[in-house]
Amino acid sequence: MNPDTGTVLAGEHAEAPCGPYGERLLHGWYDTGRTADLTEHLGRYGPLPLSSARSRGAAMPLVRAVEEAGLTGRGGGGFPTGRKLRSVAGAKGPAVVVANGMESEPASHKDEVLLSLAPHLVLDGAVLAAVAVGANVVHLCVPRTRASQADQLTAAVAERRRVRLDPVPVKVHRLPHHFVSSEETSLVNWLNGGDARPLATPPRPFEKGVGKRPTLIGNVETLAHLALIARYGSAWFRECGSPRAPGTTLVTVSGAVARPGVYEIPAGSPVPTALGRAGGPLGRLGAVLAGGFFGSWLPVPLSTVAPERGAGVLVALPEGTCGLAETAAVLEYLAAQSARQCGPCRFGLPAVAEDFAALARGAADARRIERLHQRLGLLPGRGACSHPDGAARLAASALRIFADDVHRHLHTGPCRAAYAPLVLPVPAARPPEEEQWR
């Protein structure tokens, strides 16, 4: 049990999903119930399999193994990890690896839990990736708001340094914790001495990133999976999950479920399966948010098809909750948290948030809804990053899934639930001060 949040950690009370090692990322935690130090970690997994991560210019066995395993990014984008590795390994000059543990999505705690319970597995993956792509440094980025975790990771890195475990140095960095600060170009910008705000692309980080060098940026969960593939192989990885979505994945389940928490499930699992791991819904549901604040609302009854995009987040919304009010609060937060560097975020997103708030209050009319639809069509693909795209996706899904509520709010006024406490964990919509970006 998480003493700070009271939520179940990493699948307490849950059965192992598949494979000979049970819960793959966290099975060591099940052995002892606590974080493994380096001695326990090495006793469980053995030394770093550096021969499997031969540097670029050689046969690149780890890159091939990751490609054959079908591992995709676990940070929300779902990009093939092997392709990213090969792109950086094929670039000129020494590379850089960045392990992204920022987790700016308010409804997600999976990376926080993984770093707390299996820090050495993440560090193994980051170092092995560095050897594979020819990098001479690893930067591990975590939010400075989680000071105790940053201290724990710094101690873990020092523990590894004392025994000369890692062939490349690992540096722990504490970054500002804003919503867009976890975007990969924000990390590059900050590590290069700028603000933790996104950069316009191209070039992408794999072409010119930290120090203008080819840079591999990987979510910490992705890197932990890579460390297991290096040890057990691609066939082992594919024993779990589905052909299209192999392996396991971590998901944060919250809202109207019996045991909110972080769970490891087979990748590609349908939403009802994930909710079942959390003890199942508490009563009838009105909808489920899949993928977090950049995700989409799913209707009830739930499909047996797995959601295709977004962070590992599921929030079960109880029946009778106002999905329009929940979405309006998220959009207000996203508008406040933008980097305010380009038109879609400075002007378009606040306008969308204002229109949606009016709809939730019952103060909108048909003309305003038509304008809202038009604005949502203009936001995607126009910003320096995907911030306006994610907000537009969430808003469009709400208008679609809660269409009956939209009609009632337009013609009979807001429902009672429009003023009820929120189910979604939406922080206060306060824009960061300029100095807080650095």
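The residue is Arg74. Where is Arg74 found, is it buried or exposed, and which residues does it touch?

A: The model is a predicted one. Arg74 is found in the loop that runs between helix H3 (61-69) and helix H4 (81-89). With a relative accessible area of 9%, Arg74 is buried, because the cut-off for that class is under 20%.

Two backbone oxygens lie within polar reach of the Arg74 side chain. One belongs to Thr72, which the side chain of Arg74 reaches at 3.0 Å. The other belongs to Pro246, whose backbone oxygen is 3.4 Å from a polar atom of the Arg74 side chain.

Leaving aside residues up to four places away in sequence, Arg74 touches Lys110, Asn219, Glu221, Thr222, His225, Phe237, Pro246, Gly247, Thr248, Thr249 and Ala267. Several elements can be followed from this list.

Asn219 is among the contacts of Arg74, and strand E4 covers residues 215-219. Glu221, Thr222 and His225 are also touched by Arg74, and helix H9 covers residues 220-232. E4 and H9 are also among the elements against which the buried residues of H4 pack, along with H3, strand E1 (95-100) and helix H6 (119-133). The buried residues of H4 are Thr81, Gly82, Leu85, Val88 and Ala89. They lie on the same side of H4, because they cover an arc of only 130° around its axis.

E5 belongs to an open sheet of five strands, ordered E6-E5-E9-E7-E8, with mixed pairing. Strand E6 (261-266) and strand E8 (296-299) are the edge strands, each pairing on one side only. On average, neighbouring strands of this sheet are turned by 30° against each other, direction ignored.

The C-alpha trace spans about 70 × 45 × 40 Å along its principal axes. Buried residues make up 55% of the 438 residues. Of the contacts with a separation of 6 or more, 72% are between residues 24 or more positions apart.

Key: Residues numbered from 1 in each chain as written. Predicted model: local features only at pLDDT ≥ 70, side-chain atom pairs only at ≥ 80, totals over all residues. Heavy atoms only, no water. Helix = DSSP H or I, 4+ residues; strand = E, 2+ residues; numbered from the N terminus. Buried < 20%, exposed > 50% of the residue type's maximum accessible area, 1.4 Å probe, protein only. Polar contact = N/O pair within 3.5 Å; in protein donor to acceptor, adjacent residues only side chain to side chain. Contact = heavy atoms within 4.5 Å. Arc of directions from axis to C-beta. Pairing = 2+ DSSP bridges. Axes fitted to C-alpha atoms, helices over the stretch in contact; angles between N-to-C directions.
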